[in-house]
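This report concerns the model displayed below. Please keep the sequence and the structure in view while reading.

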Amino acid sequence: MDILAGGVIVNISIISLFNQIVPRYFLELNSLAIILDGEPSSDVYQEYADELEMFFKSQTSPPISWISVHSSMDSESLEEKILSITELGCQGFIVATPRVVDFIALKYQVTQKSLQRHRDKYFIFLIDDQSGNTTEEILQHKALEIYPTHLIVRKSSKGEYDLLTQKFISNFENDKEILVDVLQKDGTFLFEKSPDFFPDKLRDLQGKDLRMATLTYLPYMTIDIVEPGEGNADELDQDHQKSVFIDGSEALMMFEFSRLRNFTMKIKRFEPDFWGTLYENGSSDGLLGSVYKKEVDFVVGCVSMWYYNEMDFSFTIAKSAVRLLVPAAQVLPASLTPTLPFTWGVWIGILLVILVDVIVYYFMEYHIQKTLSRSKKSIGSAALTIGAIYLQQSAPGTHQRSSMRILLAVLFLSSVIVGNSYSGGLASVLTVPKYEDSIDTNHEFAESGIKWGAPSDAWLYSLMGTDQPDFKTMVKNFEVKSYDEFRRVSLTRTFALGIERLNSGEYAFEPYIQEDALDNFDMTKEDVFFEWTSPNAVRGWPLMDYFNKHVLEVLQHGLWDFWERRIVEKYFNVKVQIGLHLLSTGYKASPGITKLQVAHISGPIILWAIGLTLATMAFIFELMIALLKQKGLRQ
C-alpha cells in the first residue's frame with residue numbers, strides 16, 4: 001500500500017517490515033550501515049531509498065552510516081568505505097543497490113583484512129529482481145558461508161515482497177532459496193503475524209559438513225587410519241566413511257560440539273609436528289596454511305594465536321607451558337672432597353683472615369722480641385704458628401705480654417669454630433653426595449650455552465621477535481632433530497629437551513623421552529614461556545560464538561581437565577610421567593649406604609702428594625744452593 005508522506009509516495013509495507021525488524025534485532029547493534037543506490041536505476045530502488053530515509057530518520061535506532069553507491073564508483077573506493085565502517089564496529093547492513101553482489105564480494109574481502117573481531121550479525125538485501133538472476137547470484141555466493149543471518153527482500157510482480165534466505169544447513173541444496181514469508185501490500189505477513197526474519201540456522205546444521213584440519217599431538221589429538229566403517233570420523237575428500245579414528249582432549253571436545261550442533265566433521269590430516277608457517281610472500285604450508293588458504297574451516301591441534309591478523313580464534317581453552325629437561329647436575333669429583341665443606345667464598349674469607357692473623361702476629365711478636373733484645377722470628381715462622389693453631393696443633397710458648405695472650409685466645413677460639421665447622425661439613429660430604437649447581441632458571445640455562453630442541457619450529461613461535469637477551473640466546477641455540485636423534489642425545493647428558501606442562505598439571509612428552517634417560521636430566525623450575533591454546537578458524541567463521549559458549553561450558557564443568565588426564569593415562573608412559581613429576585620436585589634417587597673407598601679419601605691423598613712433591617722440590621733446591629755455596633767457599 002502506497003501513501004503520501006511529506007510530498008513523497010512511500011510504501012507502507014516496507015515501513016511495516018522495519019517496524020518489526022529494528023526493535024527485535026537492530027537495537028542491540030553497535031552501529032548500522034545503509035548502502036543505497038546513489039542514482040536509482042529503477043523506481044523500486046528509488047522507493048527503497050525514500051522509505052529507508054523516512055523510517056530511520058524518525059525512529060530510534062543504532063548509529064547509522066549512510067553510503068551512496070554510484071555506478072561509476074570503482075570497487076576500491078567502495079571497499080574503503082565498507083572497511084571504514086567495519087572498523088568502527090558496524091554489525092548490521094541494509095543494502096539497496098543493484099551492485100549488491102559487488103557489495104557481498106567486497107564485504108567478504110573486508111572481513112578477511114579487518115582488525116575487528118566482532119561477528120557481522122545481520123544483512124538485509126533489498127533488490128529489484130523480477131527475473132530472479134540477482135537472487136540466484138546472491139544465494140550461490142561463497143561469502144554466504146560466513147553470513148548465514150541474511151534476509152533478501154524481493155519485490156514481486158504482484159506488488160508484494162518475498163522474504164527469502166539461503167537454506168545453508170545440510171549438504172543437499174544448501175544454497176537454494178527458502179521463503180521466510182511474504183510481505184503483503186497492506187503491511188501484513190502471509191504466513192505468520194510476526195515471523196522470524198533471521199532464523200537460527202546454526203542451532204541444528206542437519207549433518208552439514210565441517211572441514212577440520214588437525215595433526216597428531218598428544219594429549220590434544222591423535223589420528224589413526226582404519227578400515228572404512230571402523231573409525232569415528234570421515235576423511236576430507238574421501239568417499240569412504242568412518243575411515244579415520246581420532247582421539248584426544250580436543251577431539252573429545254569437538255565430538256561434543258558436533259553432537260550439540262549436529263554437523264559432520266571432515267578431517268584433513270597432517271603429519272605430526274607439521275603446524276606449518278605463513279610466509280611474508282603470502283604463501284603458507286602445514287596445518288595453519290590449510291585454514292589460511294581456506295581449504296578447511298577450522299583447525300585444532302594445540303594451536304594458539306600465532307598469526308593474529310590472519311585468522312579467527314576461539315576463547316582460550318588450556319594453558320600450555322614449556323619446560324626444559326636439562327643435563328642433570330653430576331656428583332662432584334672425589335678429588336675435591338677437602339674443599340667441599342665450605343663454598344669458595346668462605347674459603348677466600350678464611351684465607352684472608354689467616355693472612356691478617358699472620359701479619360698481626362708477626363708485627364706483635366717482632367716488637368715484643370725487640371723490646372726484650374731477643375732474636376726475631378721470621379714471617380715464615382709466624383705463618384707456621386698461625387697455621388698450627390688453625391689445624392688445632394700445640395700452641396706456642398707462654399707469653400708474659402697481655403696483648404699476645406689476648407691474640408692467641410682469639411685465635412684459639414676462632415680455630416675451634418672453623419675446625420669444628422669444617423669437620424662437620426666434611427662428615428656431611430662423605431655421607432651425602434655433593435652435586436654441581438643445577439640449572440633452575442631460564443637465565444642459568446641461557447648462560448650455560450647448552451643446545452636444546454623439539455620436533456618442530458612451532459615451539460619457537462611465541463619467542464620470535466623477543467628483545468630479552470636470554471630468550472634471544474635460547475632461540476639461537478634451538479635445534480630441530482628427528483626422533484631418533486633426540487633419543488640418542490637423551491642418553492648423552494649434553495642436550496636439553498623441551499616438554500609441555502599441561503593445564504591439568506600433567507606433562508606431555510614425545511616417545512624419545514624414555515624411562516632409562518630420566519636419570520640424565522633435571523627439570524627447570526620455571527617455564528620458558530606459556531601460552532593458551534586457541535583453535536583457529538577462517539575469518540568470520542559463523543559458528544565461533546557457539547563454539548566459544550561450548551568452550552566456557554566445558555571449562556566450567558571441569559570436563560577439560562578430566563579429558564586431559566584420561567588421555568594422558570591412556571597414551572603416555574606412566575613410569576615416565578611419574579618420573580617427570582619427581583624431577584619437577586627436585587627429587588634425586590639416593591645412592592644408598594656405601595662402604596668408604598679409596599675414592600672418598602682421594603682428595604687428602606692428592607693434597608699429600610702435592611705437599612710431598614713440593615717439599616721434595618724445595619729440599620732439592622736448598623741442597624743445590626748449599627752445594628753451590630760450599631763450592632764457592634773452597635774456591
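Predicted model: local features only at pLDDT ≥ 70, side-chain atom pairs only at ≥ 80, totals over all residues.

The side chain of Glu 177 meets that of Arg 154 in a salt bridge, with an N to O distance of 3.9 Å. Because Glu 177 belongs to strand β9 and Arg 154 to strand β7, the pair ties together parts that are 23 residues apart in sequence.

Is Arg 154 buried or exposed? Its relative accessible area is 14%, which places Arg 154 among the buried residues. Salt bridges with shared partners join Arg 154, Glu 177 and Asp 162 into one network.

## The seven-stranded sheet

Strands β7 and β9 both belong to an open sheet of 7 strands, arranged in the order β4-β3-β5-β6-β7-β8-β9 with mixed pairing. The edges are formed by β4 (64–69) and β9 (177–183), each of which pairs on one side only. From one strand to the next, the twist averages 20°.

Helix α1 (residues 12–25) lies across β5 (92–96), β6 (122–127), β7 (150–155), β8 and β9, and runs at about 175° to β6. Helix α4 (residues 100–113) also packs on the sheet, where it touches β3 (32–37), β5 and β6. The direction of α4 makes about 160° with that of β6.

## The six-stranded sheet

A further open sheet contains 6 strands in the order β12-β14-β10-β15-β24-β16, and its pairing is mixed. Its edge strands are β12 (234–235) and β16 (312–313); each has a single partner strand, so one side of each is left without a neighbour in the sheet.

Strands β10 (residues 208–215) and β14 (residues 263–270) run parallel and are joined by 8 bridges. Lys 208 stands opposite Phe 263, which lies in β14. Helix α6 (residues 249–261) lies across β10, β14 and β15 (298–299), at about 150° to β14.

How many of the 9 residues of strand β17 (residues 319–327) are buried? The number is 8, so β17 is largely enclosed by the rest of the structure.

Strand β17 runs antiparallel to strand β20 (residues 496–501), to which it is joined by 5 bridges. In β20, Leu 497 is the bridge partner of Leu 325. Strand β17 is also antiparallel to strand β23 (residues 529–532), with 4 bridges between them, and Ala 321 stands opposite Phe 530 of β23. With strand β22 (residues 521–523), β17 forms an antiparallel pairing over 3 bridges; here Asp 522 in β22 is the bridge partner of Val 326.

## Other salt bridges

The count of salt bridges in the model comes to 23.

Another salt bridge is formed by Glu 479 and Lys 481, whose closest N and O atoms are 3.1 Å apart. The relative accessibility of Glu 479 is 26%, and this residue therefore counts as partly exposed.

## A nonpolar surface patch

Which residues form a nonpolar patch on the surface? They are Val 598, Ile 601, Ile 605, Trp 608 and Leu 612, which together have about 530 Å² of accessible area.

Among them, Ile 605 is located in helix α17 (residues 602–634). Its relative accessible area is 38%, so Ile 605 is partly exposed. Patch residues must have over 30% relative accessible area, a cut-off that Ile 605 passes with its 38%.

Terms used:
Residues numbered from 1 in each chain as written. Heavy atoms only, no water. Pairing = 2+ DSSP bridges. Helix = DSSP H or I, 4+ residues; strand = E, 2+ residues; numbered from the N terminus. Axes fitted to C-alpha atoms, helices over the stretch in contact; angles between N-to-C directions. Contact = heavy atoms within 4.5 Å. Patch = residues over 30% accessible without salt bridge, like charges linked within 9 Å, V, L, I, M, F, W, Y side chains within 5 Å. Areas by Shrake-Rupley, 256 points an atom, 1.4 Å probe, with all protein chains shown as cover. Salt bridge = Lys/Arg side-chain N within 4 Å of Asp/Glu carboxyl O. Buried < 20%, exposed > 50% of the residue type's maximum accessible area, 1.4 Å probe, protein only.
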